[in-house]
Amino acid sequence: MATRAETSSQDQSKLGGIHDILPPGNPFRAIFSLEPIKTFIFLILSFIIGLTVFVVYVTIAATGIGLTMSVIMAIIGIPLLGALLLLVPVIGWIERERIGLFTGFEIASPYREVPDGKIGDRAIAFLSDGALWRDLLYSLLLFPIGLAQFVIGVVGFTVPVSLIISPYLVYAFGSLNVGGAAFTTVDTPAETIPLVLLGLVLGLATAYIFIVLARAHAVFARWLIGPDERRALAERVETLSETRSRMVGVSLDDRRNIERDIHDSTQPKLVNLAMSLGMAKEKIDSDPQRARELIDTAHNEAREVLAEIRNLVRGLHPSILTDRGLEAAIRSLSGYCAVPVQIDVNLGERPPEAVETTAYYIIAESLTNVAKHSQATEARVMVRVENGNLLIEIEDDGIGGAVRTPASGLSGLQDRAAALDGRLTISSPVGGPTRISARLPCES
Amino acid sequence: MRVVIAEDSVLLREGISRLLADAGCEIVASVPDGPSLVRAVQEHQPDISIVDVRMPPSFQDEGIRAALEIRAENPRSPILVLSQYVEAEYASDLLESGAGSVGYLLKDRVAEVSTFIDGVHQVAQGGTVLDPEVINQLVTHRRRDDPIGTLTPREREVLSLMAEGKTNAAIADTIFVSHGAVEKHVRNIFMKLGLLHGDDANHRRVLAVLSYLRNS
């Protein structure tokens, strides 16, 4: 029984359930705590913030729209309206924090991460985020809601308090009119005893009502301006399935490249080698001088094939990574990079293998790009662990202008990072410098 | 010369055995993995062990680990490590594991039969041999303000040869100059890099050069 109740309340809380409006446990425990005072302050604040926000919005919006209408002044008007939209998430943030502080309902930010990139793309991502518009709606609703809360708060506070202090009022002013149709006059302190009792009961009731109201506000806010878990989940599934299909592409490309390397270069060299030896065998009796030359050639060809296979195998999987970990592997990579590399690696224990390998490929590919395209004279690789994430940064002092096209190595790296739920960002303004940063979660 | 070979590929083990036998060596044991190498060296006390890096059971740097274990017990036990590709990191570990009698070469070098056999002899006699590829990794790409930039091309060549473990005489033979000229180059290099060991003691010199290259 208990288990079922618990489960259902959990499910409901995920969907912003109405259930949470009542404080859990014994109502009297909630009433005789600091909760009524906290929630009273909360209700009053709702009004103050709601009013302020409303006034600010109306002022900015009216000015902005007015200016925009008069065409020429639109240069000021449109940015003003933009600034208004930038204000919305700030108010949303203040509200989420306030609700957490006063009611204990922690509401996470509903906003999607705005990707790095051109200012236009960022603006589109910002404007197309439903959270922005829901925050706007909430902040507009805060004024009427806050007004109602203010009235209930003030009445709910003054009525019981006046009743409770009625003996003093009678003592001070001689008599007291008690409102309502009955319109009785109370003029001795003894007669105020029922009033005091009524005040106490009303006080307890309003204390509970304050708590419920504040919680109702929080539940509403959680529903309107909290993260939408279903939507977030759907987005994550979409990202993962996209990443997965691209990863299949990446690994197919990898296989194709290996096949091409072996087919175009290694195999022909081995054929040549076998041919040279075959010819040498033919000539060994008739023309020993020629045979010796052929064997010499074969020897050189064998050496070349060996060097080639060595590089090929190294590219498939660097054994130093498995043997000695990321730091040693990066130092080894830097030894092969045509540009001097400064290494700043700070790792505690070794990250999981998949993370380590992905980090290695990101750094290897980035350093290859530095050497090939950047015209840099120096590069820097930084790796550290922060809050369970492996952070990687590769920076050079080159000409910048690196672009991410679907076919480039850079988007392959982004896919590799995304496959681990990580993120890779590229900053490469024309003129430089180029900086590749990646964040890979170390715990799954 | 009595040799122990540790190599998990039967083909290569046979190949190297044949090559060494041709050169007049006696193969006292050939083993396929790290632990049996350690046992074989204890049992036979060979003049040199030739060891592959990647072997069972771990298929990681098993050969290096076995070599370090052997040399922890006997720092003068000569070991020549062969590897599919070389890493400066491993080279330092090996060099620091004892006083000389150590080598680290790419497996490909076996194909240069006479150079390889020379290396085997050098290590067996207490010398140090490092693959040019290791030096290449360390010397080629330096920072702009590196003192190595002040070396003349000839001095750089001599530095690389020193790091490979060659003696002054061998360097003189390799680059066709007189013994005196090599000594002069060596003195200049040590002065420019601010290194202390100017003597001809092969192992200490390699170690000094290598640690300079790795740590600057």
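**Close-up views of a two-chain predicted model**

In strand 4 of chain B, B:Val81 is the residue that B:Val51 stands opposite. That pair opens our tour of a predicted model, in which local features need pLDDT of at least 70, side-chain atom pairs count only at pLDDT 80 or more, and totals for chains, interfaces and linings use all residues. To find your way, count residues from 1 along each chain as its sequence is written, with chains lettered from A and ligands numbered from 1 in the order in which they are written.

**View 1. The parallel strands of chain B.** Strands here are DSSP runs of E with at least two residues, helices are runs of H or I with at least four residues, and both are numbered from the N terminus. Strands count as paired if DSSP finds at least two bridges between them. Start at strand 3 of chain B, which runs parallel to strand 1 of chain B, with four bridges joining them. Here B:Ala6 stands opposite B:Val51. Strand 3 is also parallel to strand 4 of chain B, again through four bridges. Moving on, strand 4 pairs with strand 5 of chain B in the parallel sense over five bridges, and B:Val81 stands opposite B:Tyr104 in strand 5.

**View 2. How enclosed are these strands?** A residue is called buried if 20 or more other C-beta atoms lie within 10 Å of its own, exposed if 12 or fewer do, and partly exposed in between, with C-beta atoms placed from the backbone. Five of the five residues of strand 3 of chain B are buried, so this strand is largely enclosed by the rest of the structure. Both of its faces are covered, with B:Ile48, B:Ile50 and B:Asp52 buried on one side and B:Ser49 and B:Val51 buried on the other. Strand 5 (residues 102-106) of chain B has four of its five residues buried, so it too is largely enclosed by the rest of the structure.

**View 3. Helix 3 of chain B and what covers it.** This helix spans residues 62-73, twelve residues in total, and reaches 17 Å from its first C-alpha to its last, close to the 16 Å expected at 1.5 Å a residue. That expected span is 1.5 Å times one less than the number of residues. Among the buried residues of helix 3 of chain B are B:Ile64, B:Ala67 and B:Arg71. Their cover includes strand 1 (2-6), helix 2 (34-44), strand 3 (48-52), strand 4 (79-83) and helix 4 of chain B.

**View 4. The largest nonpolar core.** A nonpolar core is a set of buried Ala, Val, Leu, Ile, Met, Phe, Trp, Tyr and Cys residues joined through C-beta atoms within 7 Å. The largest one has 60 residues, and B:Val51, B:Leu80, B:Val81, B:Ala91, B:Leu94, B:Tyr104 and B:Ala163 touch the most other members. Domain 1 (2-130) and domain 2 (135-215) of chain B both give residues to this core, so it lies between them; these bounds come from an automatic or database domain assignment. A second, separate core of 32 residues includes A:Ile320, A:Ala329, A:Val381 and A:Ala402.

**View 5. Where chain B meets chain A.** Contact here means that the C-beta atoms of two residues, placed from the backbone, lie within 7 Å. By that rule, 16 residues of chain B are in contact with 23 residues of chain A. Helix 4 (88-95) and helix 6 (132-139) of chain B each supply at least two residues of the side that touches chain A.

**View 6. Helix 3 of chain A.** Look for residues 35-69, a helix of 35 residues that reaches 49 Å from its first C-alpha to its last, close to the 51 Å expected at 1.5 Å a residue. Its buried residues include A:Phe40, A:Phe47 and A:Val53. The buried residues of this helix pack against helix 2 (27-31), helix 4 (74-103), helix 6 (130-164) and helix 8 (193-225) of chain A.

**View 7. Around A:Thr358.** Find A:Thr358 in helix 13 (residues 353-374) of chain A. A:Thr358 is buried, with 23 other C-beta atoms within 10 Å. Not counting residues up to four places away in sequence, A:Thr358 touches A:Arg416, A:Ala417, A:Leu420 and A:Leu440. A:Leu420 is 62 residues from A:Thr358 in sequence, and the two are 8.6 Å apart in space, C-alpha to C-alpha.
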